[in-house]
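This report describes metal sites and helix packing in one protein. Please examine the sequence and the structure before reading on.

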Amino acid sequence: MAQSLESIPNNVDLSSDRRLQRALEQWQPNFLSWWNEVGPEGFQAHQIYLRTAISVETDGWAHFDYVRMPEYRWGIFLEPKSDRKIGFGDNLGRPVWEEVPGEHRNALRRIIVTQADTEPASVEQQRLLGKTCPSMYDLRNIFQVNVEEGRHLWAMVYLLHRYFGRDGREEADELLARRSGTGDKPRILNTFNEPIDDWLSFFMFAMFTDRDGKYQLAALAQSGFDPLARTTRFMLTEEAHHLFVGESGVDRVVQRCGELMAAGKDPRKEHAVPLEMIQKYINFWFSLSLDLFGGEVSSNAADFFAAGLKGRFREDTLEEHKAMGETYHLEVPEDGKLVEQEVPLRNAMNEVLRDEYVKDCQRAVDRWNKTLVRAGNTGLTLSLPHRRFHRAVGPCAGCFFDLEGRLISEAEFKAHEAEWLPTAEDRAYVKSLMHPVIERGKVASWIAPPAKGINGMPGDYEYVKPPEA
Ligand SMILES: [Fe+2]
Ligand SMILES: [Fe+2]
């Protein structure tokens, strides 16, 4: 069943660098053992209708066919070279780096390893979900996300092996050694150690947490280290589908709930998710994902920007690329009250990126609200909590805020916590809905059917075939 060793699909002319090719071929069986050990459980022999990237050309990056997951052709694809110049910071206008500049080696390694670690982590977090899928279509989608996160790991491991010598190889091994949620070798970022054991959480994760990934990748797609920019640009094309899975997944849960409410029915009695529970899951996952952008004021973020390692969202479309002499306005808690602060713009780069993310999340919430209206409801809405709500990173960590971002006491927060965040009972209820529905064209009671299928196929297509006899 294993992928043949000489076949790492790539567009980086791997065969011309025998040492690198051998190193990656040694890493490959370890990757496969990792996949078999902690990848999706119970479906490794099934044939899944999957998209595989075979090149970065428009006709090659989305090749669809039935594949058994362990035989998926994980490949290394970078966008083609162009004569880019460094697009921001103190090195603005200089040629991009084709090799790692010595003075930025540690920072780049840290950026790449932190990004890389999230890819296998999410596969581990989601490994049991196949067993409770709400439809065959959703089952296929989660596996698509899983194999592509595996490919993103390959993309990052290629950079580590190719550009960081021995410590890069060691980091690549460590990426397969850490495990989400374990005490002794957890994943680097905390959100990636949270178990995801129900599909509402999975859709929220793909909507909110994977979307942080999009913004991190977009910032790195501007990087002056050209191989990183070219790798992340191609990753972003795949990422779009993950975000679609999350946003449309939540939308279908909202639609089902909305249709029942419009018909005067109680979603609970119909084994669906009540609107206030959906709202609590939004509050939880949005706030958790906001933390991934880092502190509001960050000297690391300033250094990364100054050096030309990590830019702003769509930096290349902005007019000014130095971010010098400008400030960013913040409101932060200090001695029991909110105070205004002006910080140098470069130090607020995490917050600048978070701004774009929040706008994007709001766009999705607006769409869900339209779904509620279309289902026949008036006056029902979902919303995002304030970005200060329930934060564990930055100046708001350790303080308490309500959904509107007002500073409140701990006692006040505790008094409302069960209205604002999922309770143990909520989680148990959502989990109680998770029964597998794998018959073609059927969907679980708590979610609406997909609006359309994958790759122009009908919604009731046979996206997953049982193992061949
Ligand atoms: Fe990814
Ligand atoms: Fe993703």
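What spacing do the donors of the iron ion (ligand 1) follow along the chain? The donors of this ion follow the spacing E-x29-E-x2-H. The model discussed here is a predicted one.

## The iron ion (ligand 1)

Three residues coordinate the iron ion (ligand 1): Glu119 and Glu149, each through OE, and His152 through ND1. The distances are 2.0 to 2.2 Å.

Two of these residues belong to one helix. Glu149 and His152 both lie in helix α3, which covers residues 136–163. They are three residues apart, about one turn of the helix.

## The iron ion (ligand 2)

Which residue coordinates both iron ions? Glu149 coordinates both the iron ion (ligand 1) and the iron ion (ligand 2).

## Helices α1 and α3

Two packed helices are described by the angle between their axes and the distance between the axes. Helix α1 (residues 18–38) and α3 have axes that come within 11 Å and cross at roughly 150 degrees. Angles over 145 degrees count as roughly antiparallel, so α1 is roughly antiparallel to α3. The crossing in which α1 passes α3 is right-handed.

On the α1 side, the contact is made by Leu20, Ala23, Leu24, Trp27, Gln28, Phe31 and Trp35. From α3, the contributing residues include Asn146, Val147, Gly150, Leu153 and Trp154. By class, the contact of α1 with α3 has 11 nonpolar, four polar and one charged residues.

## Helices α2 and α5

Helix α2 (residues 105–125) packs with helix α5 (residues 199–220) at an angle of about 160 degrees. Their axes are 12 Å apart. The angle makes α2 roughly antiparallel to α5, and α2 passes α5 in a left-handed crossing.

The contact is made by Ile111, Gln115, Ser122 and Gln125 of α2, together with Phe205, Gln216, Leu217 and Leu220 of α5. The residues of the contact of α2 with α5 divide into four nonpolar, four polar and no charged.

## Helices α7 and α9

A further packed pair consists of helix α7 (residues 275–290) and helix α9 (residues 349–374). How far apart are the axes of α7 and α9? The axes are 12 Å apart, and the helices pack at an angle of about 170 degrees. The helices α7 and α9 are therefore roughly antiparallel to each other. Their crossing is right-handed.

From α7, the contact is made by Leu275, Ile282, Phe286, Ser289 and Leu290. From α9, the residues are Arg354, Tyr357, Val358, Cys361, Trp368 and Leu372. By class, the contact of α7 with α9 has nine nonpolar, one polar and one charged residues.

Technical notes
Residues numbered from 1 in each chain as written. Chains lettered and ligands numbered in written order. Predicted model: local features only at pLDDT ≥ 70, side-chain atom pairs only at ≥ 80, totals over all residues. Heavy atoms only, no water. Axes fitted to C-alpha atoms, helices over the stretch in contact; angles between N-to-C directions. Helix = DSSP H or I, 4+ residues; strand = E, 2+ residues; numbered from the N terminus. Parallel < 35°, antiparallel > 145°, perpendicular 65-115°, else oblique. Left-handed = near helix turned anticlockwise from the far one by under 90°. Contact = heavy atoms within 4.5 Å. Nonpolar A, V, L, I, M, F, W, Y, C, P; charged D, E, K, R; others polar. Donors = N, O, S within 2.8 Å, 3.2 Å for Na, K, Ca; no water.
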